[in-house]
Amino acid sequence: MSTEAVERRLYNALWWAKVQSAGPIEVDPDTPAVAGLTRASSSDGVWLVPTLPSGAGHSVLEELGAPPVPVELPNETARLLAICVACCWTDRSASPWPGGTGTIAQIRSVYAGMRGRPEQPSDMTLIIGSLRRLHATHWLRWDETAGEVRLGPRVVTWSPADLSTLRDLCRHLPDPPAREVADD
């Protein structure tokens, strides 16, 4: 094996180790491609995200160092991800990444509409907890101070079948209200 091939394998292995330990990782736009990692580019930056084999089972994901993330309140967290997709995926005929910016007001509105009842005091606690979990796992990028959310770099891993299912799901969720623009 040539020295160049060995160096390339070591380079790829180093990046895989970084992604396995930290999840999707933001990199300099000039970072060379890495085998098995997808580049997720947006105006906010460039991320390296593992490209997993279609239909990979739990053992394959574990071997690749990317087991499914155990989540507290998985149903609530999944609901919040669906709501954020509905609020941030502005052009459903295109890729969801990078999408638009959603607000906490939009998320609260869709959440209440989906539940079919007025907002409850406990709703905000569930929403914030789910947003924090989804941000920590790179499904969302959440700016808690600004109350804004964007889709995270992991959404680039969604297959065409996943996107079809998500489009259908978004059709069944209440439309988010228009984003309010603050006056300066």
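Author: In this predicted model, His138 is found in the loop between α5 and β5. His138 has a positive phi of about 70°, although it is not a glycine.

Reader: Is His138 buried or exposed?

Author: The criterion for a buried residue is a relative accessible area under 20%. His138 has 16%, so it is buried.

Reader: How many residues does helix α3 have, and what span does it reach?

Author: Helix α3, residues 74-88, has 15 residues. From its first C-alpha to its last it reaches 21 Å, close to the 21 Å expected at 1.5 Å a residue.

Reader: Why is α3 described as largely enclosed by the rest of the structure?

Author: The general idea is to count buried residues along the helix. Eleven of the 15 residues of α3 are buried, so the rest of the structure largely encloses this helix. Among the buried ones are Glu76, Thr77, Leu80, Leu81 and the run from Ala82 through Ile83 to Cys84. The elements covering them include the helices α4 (104-115), α5 (121-136) and α6 (160-172), together with the strands β4 (102-103), β5 (140-143) and β6 (148-151).

Reader: What is the angle between α3 and α5?

Author: The two helices pack at about 80°, and their axes are 9 Å apart. An angle from 65 to 115 degrees counts as roughly perpendicular, which means that α3 is roughly perpendicular to α5. On the side of α3, the contact is made by Glu76, Thr77, Leu80, Leu81 and Cys84. On the side of α5, Leu126, Ile127, Ser130, Leu131, Arg133 and Leu134 take part. By class, this contact has seven nonpolar, two polar and two charged residues.

Reader: How is a nonpolar core to be read?

Author: In soluble globular proteins, nonpolar side chains tend to be buried together. The largest nonpolar core here has 33 residues, of which Leu80, Ile107, Leu131, Leu140, Val149 and Trp158 touch the most other members. Two or more residues come from each of β3 (45-50), α3, α4, α5, β5, β6 and α6. The largest share, nine residues, is that of α3.

Reader: Which residues does Leu131 touch?

Author: Not counting residues up to four places away in sequence, Leu131 touches Leu80, Cys84, Ile104, Ile107, Leu140, Trp142 and Val149.

Reader: Where does Trp15 lie, and with which residues is it in contact?

Author: Trp15 lies in helix α1, residues 3-22. Its relative accessibility is 11%, so Trp15 counts as buried. Leaving aside neighbours within four places in sequence, Trp15 is in contact with Ile25, Val27, Thr31, Val34, Leu37 and Leu48. Trp15 and Leu48 are 33 residues apart along the chain, and their C-alpha atoms are separated by 8.7 Å.

How values were computed
Residues numbered from 1 in each chain as written. Heavy atoms only, no water. Helix = DSSP H or I, 4+ residues; strand = E, 2+ residues; numbered from the N terminus. Expected span 1.5 Å × (residues − 1). Buried < 20%, exposed > 50% of the residue type's maximum accessible area, 1.4 Å probe, protein only. Contact = heavy atoms within 4.5 Å. Axes fitted to C-alpha atoms, helices over the stretch in contact; angles between N-to-C directions. Parallel < 35°, antiparallel > 145°, perpendicular 65-115°, else oblique. Nonpolar A, V, L, I, M, F, W, Y, C, P; charged D, E, K, R; others polar. Core = buried A, V, L, I, M, F, W, Y, C linked by side-chain atoms within 4.5 Å.
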